[in-house]
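Visitor: Hi, I'm new to this one. Can you walk me through it?
Guide: Gladly. Here it is.

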2 protein chains.
Amino acid sequence: MPKVVVDIFGADNSPHEIVAGCVLALEKTKDVSLVLTGSKELIEAELKKHSGVDYSRVEIVHASEVITNHDAPSNAIKQKLDSSLVKALERTKSDDDVAGMVSAGSTGAVLIGGIFKVGRIKGISRPALCPLLPTSLGGHVALIDGGSNVDCKPEFLTQFAMMGSIYAQSRGVENPRVGLVNVGVEDKKGNELTHAAFPLLKEMDINFVGNMEARDALSGNYDVLVADGFIGNVLLKSVEGTALMIMKRLKDTIMESTSAKIGAMFMKGAFKKFKGMMDYSQLGGAPFLGVEKILIKSHGSSKATSIAASIQQVIDMDKANLIEKIREGVQGEKKIESTQE
Amino acid sequence: MPKVVVDIFGADNSPHEIVAGCVLALEKTKDVSLVLTGSKELIEAELKKHSGVDYSRVEIVHASEVITNHDAPSNAIKQKLDSSLVKALERTKSDDDVAGMVSAGSTGAVLIGGIFKVGRIKGISRPALCPLLPTSLGGHVALIDGGSNVDCKPEFLTQFAMMGSIYAQSRGVENPRVGLVNVGVEDKKGNELTHAAFPLLKEMDINFVGNMEARDALSGNYDVLVADGFIGNVLLKSVEGTALMIMKRLKDTIMESTSAKIGAMFMKGAFKKFKGMMDYSQLGGAPFLGVEKILIKSHGSSKATSIAASIQQVIDMDKANLIEKIREGVQGEKKIESTQE
């Protein structure tokens, strides 16, 4: 039975929603056991609020400290050794039965902790966040790097492409279409980085379909988008910001008109469904790809459903042998390099 | 009476919508005369479709060629000397009565033509596109550079900030709030470029409010967003792509439910109003700031209303003395530099 470690503290809704998410995951999936890190007293108090918890599949690892968004990430990982996050990372690293972990805490601390406590997969230069975004066609597109590494070298981008492809495959996408985020679709478009990365991506054993204009990012024509972490973060956050702006202005426009308000009552169900589709936290969190275990960064404001989805992600990625496939991917790269030499 | 040059060809809806936009502008504003460039025969035929055109305020400059999106921009500007765009640029440059020009043709050709035919303002390193985006609060934010210059140096960004501020002021914004597009709001966030640009922006005589996360781009908390052209283009196009995706999925969701379809009938007026607000082409086009005359790049798919709005933009920017103020801005920069030496 795969084990998943869950960092209960450091998130906006800690500990109640995170514990509730764990309970939900235990109910949904019989074939998983959980390790919860954080204040034993508080976690036990939260668990007691739920009935029918299968305690045989729950272990609590006590931690007295919490890393918050106000802590400098690298200092926090070094100094708050009794924090729920550090305890979670250490257990994930040391226990062979642990498939991976979930945290909705400080993104910076999770990423730095992932590298220093769990460790990079040998040969991976830069692990990278790989969030999913909704597309026009009802599916999703994986964006790598979503913001972990700025000032990337072209070789980092090829590893992002490899890891993103493997991740998309693990989600059931055959022959994922990989696009390079750029300012136009023509081969010669771009800046120094994309000019250098383009030919490298073309040579790879992936389905690289060329440069992509950000207007097309959510069109459904791509399964994986590759970008420097600065660019990826701007893309990701622009999508979020635009969705917020549109929903706000749509609501304002509706509230100005009586007829529209009546219409909105008829559309309540559709609006709810639509909001659910847009809320990509329902899919779980963003995997941090390139470290030795599966590591899911859930949104800081995660609710129980999102935490349960993140736990399910670890289970699915473990079943798909994701880490092993990334290791093989790195080996494949080396083979190509040595053939070229 | 200010004169505005309009390039009639090279756009998706040339010549009919562009000519119709000119007619609309003449009707709306009595205090403007227009110079239309392109095939005299075709322009005259289009003008004849409209009644009550004030021909005393219309001049046609014949041009036999058209620059299309398939032409390599710099070659086209050099070789298609009898194109509607080159003729428009040359007239804009040479005629002191011309306040500026509008083109909905090839973006690349308009920008390169702007630099080589109209010329940079002395001291400006890189002219830059400055499109407007809608915000949650119902206003707009100017983004500079929207995509003209990749691999920018920190000094380019300070000039973008200066020009963007002056543009926002010309639109009636007092003390425009300038944000640096970044991966977080903290001072130390970012990549090499933003790290270097941040202190320079802080020293400037503008209302620099610090780093901005793209999630906040359309919040209404900023009047001007400064970015490298690659970043700016990704932001701009992500906003467009997200809006398209959301409208598509909202429509799909409504069409799946009878009740929602009924609701949509009540909301027809509100939806129409909302669509109008989102359609920023209604505001006109994006000015290309830093060249010697006002140059508005209208969207390739511009309709008559958008062309008329672009012509109005030239008139407004001319009234606000935009070019002169940018010249003064460059002088101001130099003074600061010499004080520092």
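Guide: We start with a term: a salt bridge is a side-chain nitrogen of Lys or Arg within 4 Å of a carboxyl oxygen of Asp or Glu. This is a predicted model, where local features need pLDDT of at least 70, side-chain atom pairs count only at pLDDT 80 or more, and totals for chains, interfaces and linings use all residues. Residues are numbered from 1 along each chain as its sequence is written, chains are lettered from A and ligands numbered from 1 in the order in which they are written, and side-chain values use heavy atoms, with hydrogens and water left out.

Visitor: How many salt bridges over all chains?
Guide: The search of the whole structure gives 32. One of them joins A:Glu46 to A:Lys49, with the closest N and O atoms 2.9 Å apart.

Visitor: Is A:Glu46 buried or exposed?
Guide: A:Glu46 counts as buried, at 10% relative accessibility. Buried means under 20% relative accessible area, exposed over 50%, and partly exposed in between (1.4 Å probe, protein chains only). A:Lys49 counts as exposed, at 61%.

Visitor: Which residues are linked in a network of salt bridges?
Guide: A:Lys3, A:Glu59, A:Arg91 and A:Asp95.

Visitor: And in chain B?
Guide: B:Glu90 and B:Lys117 meet in a salt bridge at 3.5 Å, N to O. B:Glu90 sits in helix α4 (residues 84–94) and B:Lys117 in helix α5 (residues 107–118) of chain B, so the pair ties together parts 27 residues apart in sequence. Helices (H or I, at least four residues) and strands (E, at least two) are DSSP runs, numbered from the N terminus. B:Glu90 is partly exposed at 33%, and B:Lys117 is partly exposed at 22%.

Visitor: New topic. How are the two copies related?
Guide: Chain B can be laid on chain A with an RMSD of 0.0 Å, by a turn of 180° and a shift of 0.0 Å along the axis. The two copies are thus related as by a two-fold rotation axis. In chain B, the C-alpha nearest the axis is that of B:Gly263, 1.9 Å from it.

Visitor: How many residues of chain B are in contact with chain A?
Guide: 53 residues of chain B are in contact with 53 of chain A. Contact means heavy atoms within 4.5 Å.

Visitor: How many salt bridges are found across that interface?
Guide: Six. In one of them, B:Glu240 pairs with A:Arg215, the closest N and O atoms being 2.4 Å apart. B:Glu240 lies in helix α8 of chain B and A:Arg215 in the loop between β9 and β10 (224–226) of chain A, so the pair joins two chains. B:Glu240 is buried at 12%, while A:Arg215 is partly exposed at 37%.

Visitor: Last one. How many aromatic pairs are there over all chains?
Guide: Three. One of them is A:Phe198 with A:Phe208, edge-to-face, 5.4 Å centre to centre and 70° between the planes. Rings of Phe, Tyr and Trp (its six-membered ring) pair if their centres lie within 6.5 Å; planes under 30 degrees apart count as stacked, over 60 as edge-to-face and the rest as tilted.

Methods: Least-squares fit on C-alpha atoms with pLDDT ≥ 70 in both.
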